[in-house]
Amino acid sequence: MKKIFILIFTLISLNCFAVEKSTTFTKEIFDKAQSEGKIVVINSWNKFCTTCKKQVNILDQAEKEFNDVLFLSFEQNKNKKIGDFLKINYWTTIVIYKNNKEIYRSIGNTDRSEIYFAIEKSV
């Protein structure tokens with residue numbers, strides 16, 4: 001009984017850290033934004049990754065502040081083809097594209113000022 005209680009407690013605890021996000025990336029949206037000259041910020045994440053949750057929170061706030069930037073995301077484990085297309089192999093990867101070129105890439109960065117600086121520099 002004790003083991004069951006510990007297991008249930010652990011599962012409930014993990015859900016507290018779960019990323020509440022959906023995949024918004026599609027190749028069509030990405031290609032259209034690139035052809036229109038938009039800056040695109042892409043984030044790969046995993047549902048139970050605490051670093052991913054921090055990044056998602058930062059990028060959600062940035063999306064409200066950078067109106068001319070398109071923010072797309074995808075869940076790495078469920079969307080391997082997207083990861084392969086973008087050459088993103090890790091959770092917590094942020095990639096910025098401008099004029100059909102990758103201009104910034106970071107893995108595991110949760111420093112708000114660094115992420116914002118990278119976005120501002122691309123605008």
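I counted five helices and four strands in the protein chain, taking helices (H or I, at least four residues) and strands (E, at least two) as DSSP runs numbered from the N terminus. From the N terminus on, I read the order of the elements as α-α-β-α-β-α-β-β-α.

I note that this is a predicted model, in which local features need pLDDT of at least 70 and side-chain atom pairs count only at pLDDT 80 or more, while totals for chains, interfaces and linings use all residues. Residues are numbered from 1 along each chain as its sequence is written, and side-chain values use heavy atoms, with hydrogens and water left out.

I looked up Ser73 and found its place in strand 2 (residues 69-75). Ser73 is buried, with a relative accessible area of 2%, where buried means under 20% and exposed over 50%, with partly exposed in between (1.4 Å probe, protein chains only). Leaving aside neighbours within four places in sequence, I listed the contacts of Ser73 (heavy atoms within 4.5 Å) as Lys21, Ser22, Thr23, Thr24, Phe25, Asn43 and Trp45. The side chain of Ser73 reaches the backbone oxygen of Ser22 at 3.3 Å.

I then turned to helix 5 (residues 112-122), whose buried residues are Ile115, Tyr116, Ala118, Ile119 and Ser122. Seen down the helix axis, these fall within an arc of 155 degrees, so they line one face of helix 5; the arc is taken over the directions from the axis to the C-beta atoms. The face turned away from that buried side carries the exposed residues Phe117 and Lys121. I found the buried residues of helix 5 packed against several elements, including strand 2 and helix 3 (50-65).

Definitions and conventions:
Polar contact = N/O pair within 3.5 Å; in protein donor to acceptor, adjacent residues only side chain to side chain.
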